[in-house]
Amino acid sequence: MPGPHPRGAPAEERLACLDALAAELTARGWTAYVITPRGRPARLFVQNPHDPGMCADVMAAAGSGTGDWWFWFGWAERIAPADAPDKAAALIVTELRRPVDARWERRRPLPSACRTAEPRSARRPGRGALLLWV
């Protein structure tokens, strides 16, 4: 399955999608905030409030063939259409509540950077979160 193509998408539309998803997740009590690194596409950092080690970066990108917007995990797994942030939030919560063994059978290990819950602006320089764009 081809992965998302974030660089070709308008930044305003991407931010609007991520903001809508962040609102859904924070309403459920989860940590979710948009990170906008210079020169890179914006992404949403999501963290399980009961298990801070269970976190993920989520991006919004237009599909390569149709142009429809989708949410994607950082490991290039499609989550849900961007026009359904409630559905995407439910799937993200389910994914980040699974036991680590079941969740990462065929994926890379969870980065240690997920254990940091403060926004990027509060972190010391040079200690940003690790992305798993595959």
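Author: Start with burial: a residue is buried under 20% relative accessible area, exposed over 50% and partly exposed in between, using a 1.4 Å probe and protein chains only. By that rule F45 is buried, at 1% relative accessibility. Buried residues make up 43% of the 134 residues in the protein chain.

Reader: What kind of model is this, and how are its residues numbered?

Author: The model is predicted, so local features need pLDDT of at least 70 and side-chain atom pairs count only at pLDDT 80 or more, while totals for chains, interfaces and linings use all residues. Residues are numbered from 1 along each chain as its sequence is written, and side-chain values use heavy atoms, with hydrogens and water left out.

Reader: How many helices and strands does the protein chain have?

Author: Helices (H or I, at least four residues) and strands (E, at least two) are DSSP runs, numbered from the N terminus. The protein chain has 3 helices and 5 strands, and along the sequence they follow the pattern α-β-β-β-β-β-α-α.

Reader: In what order do the strands form the sheet, and is the pairing parallel or antiparallel?

Author: Strands of a sheet pair through backbone hydrogen bonds, either parallel or antiparallel. Two strands count as paired if DSSP finds at least two bridges between them. Here 5 strands form an open sheet in the order β1-β2-β3-β4-β5, with antiparallel pairing. At the edges stand β1 and β5 (78–81), each with a single partner strand, so one side of each has no neighbour in the sheet. From one strand to the next, the twist averages 25 degrees.

Reader: How many bridges join β1 and β2?

Author: β1 and β2 pair over 5 bridges, in the antiparallel sense; T31 has Q47 in β2 as its bridge partner. Between β2 and β3 there are 4 bridges, again antiparallel, and V46 stands opposite A56 in β3. β3 is joined to strand β4 (residues 69–73) by 5 bridges, with F73 in β4 as the bridge partner of V58.

Reader: Which helix packs on the sheet?

Author: For such packing, contact means heavy atoms within 4.5 Å. Axes are lines fitted to C-alpha atoms, for helices over the stretch in contact, and angles run from 0 to 180 degrees between N-to-C directions. Helix α2 (residues 85–95) packs on the sheet and touches β2, β3, β4 and β5, its direction making about 155 degrees with that of β5.

Reader: How many residues of β2 are buried?

Author: In β2, 5 of its 5 residues are buried, and the strand is mostly covered. R43, F45 and Q47 point one way from β2, L44 and V46 the other way, and all are buried.

Reader: Next, rings. How many aromatic pairs are there?

Author: Rings of Phe, Tyr and Trp (its six-membered ring) pair if their centres lie within 6.5 Å; planes under 30 degrees apart count as stacked, over 60 as edge-to-face and the rest as tilted. The count by this rule is 2 aromatic pairs. One of them is Y33 with F45, tilted, at 5.2 Å centre to centre and 35 degrees between the planes. Y33 lies in strand β1 (residues 31–35) and F45 in strand β2 (residues 43–47), so the pair ties together parts 12 residues apart in sequence. Y33 is buried, with a relative accessible area of 13%.

Reader: Why is the pair of F73 and W75 stacked?

Author: Their ring centres are 4.5 Å apart and the planes are at 5 degrees, so the pair of F73 and W75 is stacked. F73 is buried at 3% relative accessibility, and W75 is buried at 13%.

Reader: Which residues is W30 in contact with, leaving aside its neighbours within four places in sequence?

Author: W30 lies in the loop between α1 (11–27) and β1 and is buried at 4% relative accessibility. Its contacts, with those neighbours left aside, are L25, V46, Q47, N48, P49, V93, L96 and R97.

Reader: Where is N48?

Author: N48 is in the loop between β2 and β3 (55–62) and is buried, at 6% relative accessibility. Not counting residues up to four places away in sequence, N48 touches W30, M54, L96 and R97.
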